[in-house]
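Here is a short note to read beside the structure. Keep the view open and check each point as you go.

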Amino acid sequence: MSWKKLLIPLASVPVILLLAYGFRTDPKAIPSPLVQKAAPEFRLKSFDGGEVSLADLKGKPVVVNFWASWCYPACYEEAPLLEATWKKYKDHGLMMVGVDIQDKEPNAREFLQRFGFTFPNAPDPGSKVSIDYGVYGVPETFFIDRHGRIAYKHVGAVTPAIMEAQVQSLLQGK
Amino acid sequence: MMWQHDGFPRVRQAGRWLAIGAACLLWLGVGTAQAAGSVEVEDRTREIASELRCVVCQNLSVADSPSDLAKEMRNLVREQVQQGKSREEIQAYFVSRYGEYVLLSPPKRGFNLLVWGLPFLAIVAGGGVVYLVARRWTEQSPVGRSAVDPAYAERVQRELRDREKV
């Protein structure tokens, strides 16, 4: 008869395990299937009239940042770090591209001016590039290695420590 | 022989009217075919979009969400439908970008089978438990014959008979 007494605690073990798993994962975090895969190609017309394309940056590590002027405060927190990283590492071969999504052009230009972005930034008409990259919010940042593979994806504002570590690993990677 | 500009005016006129009529018919035909095509594309777009999760919403499909991203996703689905891509191909594209999370109902394979199978398993198991418990209740019921003392039953029967005689 003792096994019957054990039945209820035993039956509750899988339930508790399931709950423990469920409550410890963030339901809003969507793991990207693109990490460690080839970064989707894009060709966009930048705000300064030029063209930005991933194919043209082949052989260089690239940081692609998705932002929007309405994305407050995360994008505003992150912006100075992006520009500082660009200035620090552009001579080491790093490329940085900003993709502005679902924005109004005057607001976007104001944002660019406010933070004095000197790396290429481009709007994403029809959110095509954003969807191609599986973006579901701003900011999101993709670290692409020399071979055009996505090494790491960051959701939310990138912290200085993460930025430094990821850029270093991109630059060191062969 | 050269074409005479003023020759056979009636025939020429009839020809002109015929040409205009034919053009009208053609235009109408193309118009309706296009309309029918766009209705079909819209239906197909809606059908596929309703199975995709709007990634910026809580439990809304791409077909139902008013968000900008969902709108762009619908446009993308429509574009791919117009390119003649199948439902599976379009779903595969979104899964390759957002993972299986983007599908509102998880595909019926692997670990996901648990989600589809467990409810039915639970119903069967629950039915089994109810059956066993119900059977035990009826077996142990004090109304059952074995529970009554035979001597007592005999006395009740006798007294009932005596009462009827009176």
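1. **Terms and ground rules.** Two strands pair if DSSP finds at least two bridges between them. Helices (H or I, at least four residues) and strands (E, at least two) are DSSP runs, numbered from the N terminus. This is a predicted model: local features need pLDDT of at least 70, side-chain atom pairs count only at pLDDT 80 or more, and totals for chains, interfaces and linings use all residues. Residues are numbered from 1 along each chain as its sequence is written, while chains are lettered from A and ligands numbered from 1 in the order in which they are written.

2. **A hairpin in chain A.** Strands β6(A) and β7(A) form a hairpin, with 5 residues between them. In the turn, Gly148(A) has a positive phi of about 80°. The pairing of β6(A) with β7(A), residues 150-155, is antiparallel and has 5 bridges. Phe142(A) has Lys153(A) in β7(A) as its bridge partner.

3. **The other neighbour of β6(A).** Strand β3(A), residues 62-67, is also joined to β6(A), by 5 bridges. These two strands run antiparallel. Here Val64(A) stands opposite Phe142(A).

4. **How covered is β6(A)?** A residue is buried if 20 or more other C-beta atoms lie within 10 Å of its own, exposed if 12 or fewer, and partly exposed in between; C-beta atoms are placed from the backbone. Strand β6(A), residues 140-144, is mostly covered, with 5 of its 5 residues buried. Both faces are covered. Glu140(A), Phe142(A) and Ile144(A) lie on one side, and Thr141(A) and Phe143(A) on the other.

5. **Strand β3(A).** This strand is mostly covered too: 6 of its 6 residues are buried. Val62(A), Val64(A) and Phe66(A) point one way. Val63(A), Asn65(A) and Trp67(A) point the other way. Strand β3(A) also pairs with β4(A), residues 95-100, in the parallel sense over 6 bridges. In that pairing, Phe66(A) stands opposite Val99(A).

6. **One residue in β7(A).** Ala151(A) sits in strand β7 of chain A. Is Ala151(A) buried, exposed or partly exposed? Ala151(A) has 18 other C-beta atoms within 10 Å, so it counts as partly exposed. Two residues are in contact if their C-beta atoms, placed from the backbone, lie within 7 Å. Leaving out residues up to four places away in sequence, Ala151(A) touches Phe143(A), Ile144(A), Asp145(A) and Leu170(A). Asn65(A) is 86 residues from Ala151(A) along the chain, and their C-alpha atoms are separated by 14 Å.

7. **Chain A as a whole.** Chain A has 5 helices and 7 strands. From the N terminus, their order is α-β-β-β-α-β-α-β-α-β-β-α. Of its 174 residues, 33% are buried. Take the contacts between residues at least 6 apart in sequence: 72% of them join residues at least 24 apart. The radius of gyration of chain A is 21 Å, but a compact globule of 174 residues would have one near 16 Å. The radius is taken over C-alpha atoms, and the globule rule is 2.2 Å times the number of residues to the power 0.38. Along the principal axes, the C-alpha atoms fill a box of roughly 80 × 40 × 30 Å.

8. **Chain B as a whole.** Chain B has 5 helices and 0 strands. Buried residues make up 13% of its 166 residues. Of its contacts with a separation of 6 or more, 41% are between residues 24 or more positions apart.

9. **Helix α3(B).** This helix has 12 residues, 87-98. The expected span is 1.5 Å times one less than the number of residues. That rule gives 16 Å, and the end C-alpha atoms are 16 Å apart, which agrees. Its buried residues are Ile90(B), Phe94(B), Arg97(B) and Tyr98(B). They cover an arc of only 80° around the axis, so they lie on the same side of α3(B). The arc is that of the directions from the helix axis to the C-beta atoms. On the other side, Glu88(B), Glu89(B) and Ala92(B) are exposed. Just after the helix, Gly99(B) takes a positive phi of about 80°.

10. **Where the chains meet.** In chain A, 13 residues are in contact with 13 residues of chain B. The chain A side divides into 6 nonpolar, 6 polar and 1 charged. Ala, Val, Leu, Ile, Met, Phe, Trp, Tyr, Cys and Pro count as nonpolar, Asp, Glu, Lys and Arg as charged, and the others, Gly among them, as polar.
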